[in-house]
Amino acid sequence: SVLLLCWRNFGHGSVACECNSTRCDSPGAVGSPPVGRFLTFLTSREGKRLEKGQGFVRNGTAGAALKLTVEASQKYQRIRGFGGAMTDAAAMNILSLSVGAQDKLLRQYFSPEGAEYNVVRVPMASCDFSTRLYTYADTPEDFQLLNFTLAPEDLQMKIPLLQRAQALSPRPLSLLASAWSAPAWLKTNGALIGKGTLKGVAGGKAHKTWANYYVRFLDEYSKHNLTFWAMTTGNEPTAGMMTNYSFQALGFTPETQRDWVSLDLGPAIALSKYPKTQLLILDDQRLLLPHWARVVLNDIHAARYIHGIGVHWYFDRIAPADLTLSTTHHLFPEYYLFGTEACAGWIPLDRGVKLGSWDRAEEYAHDITEDLNHYVTGWTDWNLALDMGGGPNWAKNFADSTIIVDKTRDIFYKQPTFYVMTHFSKFLLEGSQRVGVSFSAHTDLEVTAFIRPDKSTVMTVLNRSDRDVQFEVWDPATGYIPSVSPGHSILTVIWQAQ
């Protein structure tokens, strides 16, 4: 009934849910079903949003033409988490709402009745989704970082919202920091944007200062009781190698990133008060794999400081998951793969917000499923909230978001992509382990399955075709679950082992 009140169709294939301070749909808290029962949650182009179903696991087959068998003995990677980014733009948009609507929005993401995000990416200083260009150390030649100071954007916006998000979440949030650019005076081009690298060489004064900047960031956030699970070596290092690049960037090659980690950043974090903060390399497109990982991780001096590899989704269509993600995993199985950024509406010909776009939801669902089936341990969306124009963004690099804010009406819209994220973030708890799935016949369905720490099994089924597909799940340890995957839908099935 709440859903019918909130549905709005803007002509982009499906509906968005319009929420305000008093009204929003919500799946509610979801536990494991009792033994012998199963739960389903369905989101579809025709307008279902995490619609709940339930039934009994059967002892015998219903004879469906398609059988999906859970291969529990085939064990793969464990989940770290899912979430989005608290950019300057996201924080501004959330805070542009009334306090009641802000609370409603944060609950959608972080509370047990919402999507249960447990990862939040935090830009270190400005990025394109800021309203101005700045770093935390803009005083020239301040190699001791005596004038290092967080920005009003941190102190008045991002930090208070992160504290509120943490208060709503029953689990500790995993915060992930990424820097876009070093201060201009540390760079070869003397600017935050464009083609530029750190001055000098690894082990030199500029490289040491940039490493210490990371530790100072952790110091300042820890004063607000915010600790970071991980940091990346910097957002999209290849961007800073491009002539006339249009927004904040810092260029590294795999070789210069390797040397900076081994001589400067790795030791700085290891010797700081935050030796448990993990380090992710790359934080860029997966088409750079496995080459980037080979260069950095084959060096024992750099590799000992590194825990994982961050990937963005923007050129996934031209970079097969097998050749990039799986190859990298098999070469370096002790380093986890983690999705650090994705958004819709970034392509110039298809830019900005499309309220209710089902195509974009399917792109998210396909990419997440493919990533999970190729050893990725989690997936982080980009901005947690944007305005109706897909900003603010000082570089006019507008995009779409899972939540869109209309401050003039004190409302926000939950996009189909929001529900797709929830199909993963809410049900694949941290520590869930992927298991194999085999198919009795060829199918267009895209499937991934996990066994959670509570021993229940979760299967996600994506159908991007026009036709409904009848199938049954066979879990040899439990029994048969008859089901149907409607055309253009995503379905989550949960059941408890015997």
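Me: Which residues have the most contacts inside the largest nonpolar core?

Reply: A nonpolar core is a set of buried Ala, Val, Leu, Ile, Met, Phe, Trp, Tyr and Cys residues joined through side-chain atoms within 4.5 Å, where buried means under 20% relative accessible area, exposed over 50% and partly exposed in between (1.4 Å probe, protein chains only). This is a predicted model, in which local features need pLDDT of at least 70 and side-chain atom pairs count only at pLDDT 80 or more, while totals for chains, interfaces and linings use all residues. Residues are numbered from 1 along each chain as its sequence is written, and side-chain values use heavy atoms, with hydrogens and water left out. The largest core has 136 residues, and those with the most contacts inside it are Phe110, Tyr136, Trp210 and Phe217.

Me: Which element gives the largest share of this core?

Reply: Helices (H or I, at least four residues) and strands (E, at least two) are DSSP runs, numbered from the N terminus. The largest share of the core is nine residues, and these come from α5.

Me: What distance separates the end C-alpha atoms of α5?

Reply: The expected span of a helix is 1.5 Å times one less than its number of residues. For the 18 residues of α5 this gives 26 Å, which agrees with the distance between its end C-alpha atoms, 26 Å.

Me: Which residues does tryptophan 210 touch, leaving aside those up to four places away in sequence?

Reply: Contact means heavy atoms within 4.5 Å. With residues up to four places away in sequence not counted, tryptophan 210 touches Ala179, Ser181, Ala182, Pro183, Leu186, Leu198, Leu250 and Trp260.

Me: Which strands stand at the edges of the nine-strand sheet?

Reply: Two strands pair if DSSP finds at least two bridges between them. The open sheet has mixed pairing and runs in the order β4-β3-β22-β19-β18-β17-β5-β20-β21. Each edge strand has a single partner, so one side of each is left without a neighbour in the sheet, and these strands are β4 (51-56) and β21 (479-485).

Me: At about what angle does helix α10 run to β18?

Reply: Axes are lines fitted to C-alpha atoms, for helices over the stretch in contact, and angles run from 0 to 180 degrees between N-to-C directions. Helix α10 (residues 358-372) is mostly covered, with eleven of its 15 residues buried, among them Trp358, Tyr364 and Leu372. The helix lies across β3, β5, β17, β18, β19 and β22, and its angle to β18 is about 55°.

Me: Which residue in β13 stands opposite glycine 83?

Reply: Five of the five residues of strand β6 (residues 81-85) are buried, so β6 is largely enclosed by the rest of the structure. Strand β6 pairs in the parallel sense with β13 (residues 376-383) over four bridges, and also with β7 (residues 119-124) over three bridges. On the β7 side, alanine 85 stands opposite arginine 121, whereas in β13 the residue opposite glycine 83 is threonine 380.
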